[in-house]
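I open this notebook to record what I looked up in the structure.

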Amino acid sequence: MNIQTEYDVVVVGLGPAGTLISLLLNDSSIKILGIDKDREVYDLPRAVNIDDEGLRTMQRLNLEHIYLDNSTVIGGAYFVDDKLQKLSGIDMPKDFLTGNGWFPGAMFHQPYTDVLLREELLKTDSTICLETELTEIIEENDYYTIKTKDLSTLKENSVTTKYIIGADGASSKVRTILGLAQEDLDYDKNWLVVDVKLNQENNLPSYAAQICDPKRISTYIPAHLPYRRWEFILLEGETEEEMLKENKIQELISPWVKSDEYQIIRAAVYRFHSLLTDKFRQGNCFLIGDAAHQNPPFMGQGMMSGYRDALNLSWKLTAVIHKQLPENILETYEKERKPHSRFVVDGSAAIGKLMSAYTDAVRRGNPSDVPQELLDRGYGSYSLPPLNDGILYKGKSDDKSMVGFHFPQPLLMEGSKCKERYDHFLGKGFCVVSKEGVSISPDQKSFYEKIKTKFLVLEETMINKNPWIKEFMSKSEIYIIRPDRHIFGSTSDKITFSELTRDLKERLGM
């Protein structure tokens with residue numbers, strides 16, 4: 001029996017991932033309740049990096065300016081020795097654009113961006129309840145009753161919903177209530193994190209550095225000016241109390257800046273974990289962000305992993321709630337996101353292990369004496385792999401046809417400069433992109449109309465002036481693009497558009 005619930009979706013936790021999925025769902029006319037136990041956004045920086053995929057996601061909501069106005073494009077990321085000599089790493093030229101149409105990464109100041117995103121959320125017609133704590137989830141026949149407590153009045157309340165999204169962080173109440181266990185992926189160390197606000201101009205590097213110093217491993221992050229961040233591993237026998245003393249912090253960052261050149265805005269000791277929740281879904285409850293996975297910050301992908309969760313889950317929930325697609329496509333959320341999350345958690349831990357290996361090699365006086373398998377998992381693995389399994393042609397990724405990869409964002413280029421970004425040309429749903437018009441049968445037309453597909457013929461000038469689009473369109477004549485811009489499939493001399501269509505219908509259970 002289907003009953004009319006008060007909400008389509010309840011989002012528990014309104015940090016970056018919870019706010020993003022709420023905005024995406026609201027943009028698709030989904031009835032949402034968002035709750036958070038705190039009234040104000042957290043006023044200290046935690047996440048500092050947004051990448052090209054994150055900016056492309058924010059662009060869907062016309063909110064990329066929130067990050068662009070409060071960020072600095074970085075010049076690269078490197079492993080360095082105790083004298084700050086580069087050992088390995090990646091360059092990030094400031095004028096380089098990825099296929100997503102944005103620079104590879106930028107450092108932002110989270111308190112600024114989170115406040116602005118919260119303001120955007122409060123402008124929507126979603127119901128937002130702050131200072132509200134989740135207390136109970138009761139599973140009914142085909143919906144949920146959730147109980148909450150208003151922390152300012154202690155008043156208890158209950159609402160009904162079809163779906164629940166746990167975006168409530170590392171100590172997730174949703175995950176605890178569901179009784180979901182976590183897998184430890186073998187990186188678990190204490191680090192001191194120090195954020196400072198600089199008082200004057202300085203010559204600090206514009207690149208991120210993993211400092212492989214035998215005296216103490218540390219990290220330098222060129223956060224959005226006037227902010228900078230350092231992270232220092234705790235040595236054996238050191239306590240949180242002694243590491244948080246001001247004179248100790250000043251001693252640690254004295255090689256970089258003098259004590260009168262900055263003010264400390266945050267100093268905290270954290271346990272850097274690498275954890276992956278066993279299941280991202282139980283019934284119609286889903287976990288996203290830190291509730292589902294936690295990793296050391298070395299890849300700068302913690303918030304980005306939550307953003308990918310939000311985008312993947314939001315388009316599937318939207319299609320199911322609007323009855324465009326059957327509910328079984330929700331099974332692909334964990335299937336697609338868990339391997340990606342594992343890659344990021346594993347990769348972040350691997351960077352920590354490579355730092356240790358480099359440090360040992362520096363101590364021995366031979367910095368190049370590092371196992372190749374560790375080098376391969378350093379910044380060389382920074383680029384995320386394509387989706388591997390899921391709603392993909394034949395159910396698997398394929399690097400020859402680019403199945404599982406992102407389709408590039410259409411851009412108006414003038415030389416190496418981007419004048420306009422045209423991701424909206426691809427629409428919000430599925431999109432068939434081609435060089436010429438695609439002929440379809442009445443049955444195909446009916447199917448593509450049901451799943452709200454847009455047909456886009458790319459102009460020759462747009463293809464030729466965008467190197468990413470040009471490369472992709474030289475490989476195939478027709479691409480089917482998913483709502484999250486991943487490629488479902490493409491035609492070739494062996495694969496027809498009709499075969500792609502039949503397979504897509506099968507993958508979607510239609």
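I located A310 in helix 8 (residues 302-321); helices are DSSP runs of H or I with at least four residues, strands runs of E with at least two, both numbered from the N terminus. The model is predicted, with pLDDT of at least 70 needed for local features and 80 or more for side-chain atom pairs, while totals for chains, interfaces and linings use all residues. Residues are numbered from 1 along each chain as its sequence is written, and side-chain values use heavy atoms, without hydrogens and water.

I found A310 buried, at a relative accessible area of 0% (buried means under 20%, with a 1.4 Å probe and protein chains only). Leaving aside neighbours within four places in sequence, I listed A17, L20, I21, L24 and I288 as contacts of A310 (heavy atoms within 4.5 Å).

I then turned to helix 1 (residues 16-27) and helix 4 (residues 110-123), whose axes come within 10 Å and cross at roughly 30° (axes are lines fitted to C-alpha atoms over the stretch in contact, and angles run from 0 to 180 degrees between N-to-C directions). Helix 1 is therefore roughly parallel to helix 4 (angles under 35 degrees). On the side of helix 1 I noted P16, T19, S22 and L23, which meet Q110, D114, L117, E120 and L121 of helix 4.

In helix 11 (residues 442-450) I recorded Q444, F447 and Y448 as buried. They lie on the same side of helix 11, because their arc around the axis is only 95° (taken from the directions from the helix axis to the C-beta atoms). Their cover includes strand 22 (431-434) and helix 14 (497-507).

How values were computed: Parallel < 35°, antiparallel > 145°, perpendicular 65-115°, else oblique. Buried < 20%, exposed > 50% of the residue type's maximum accessible area, 1.4 Å probe, protein only.
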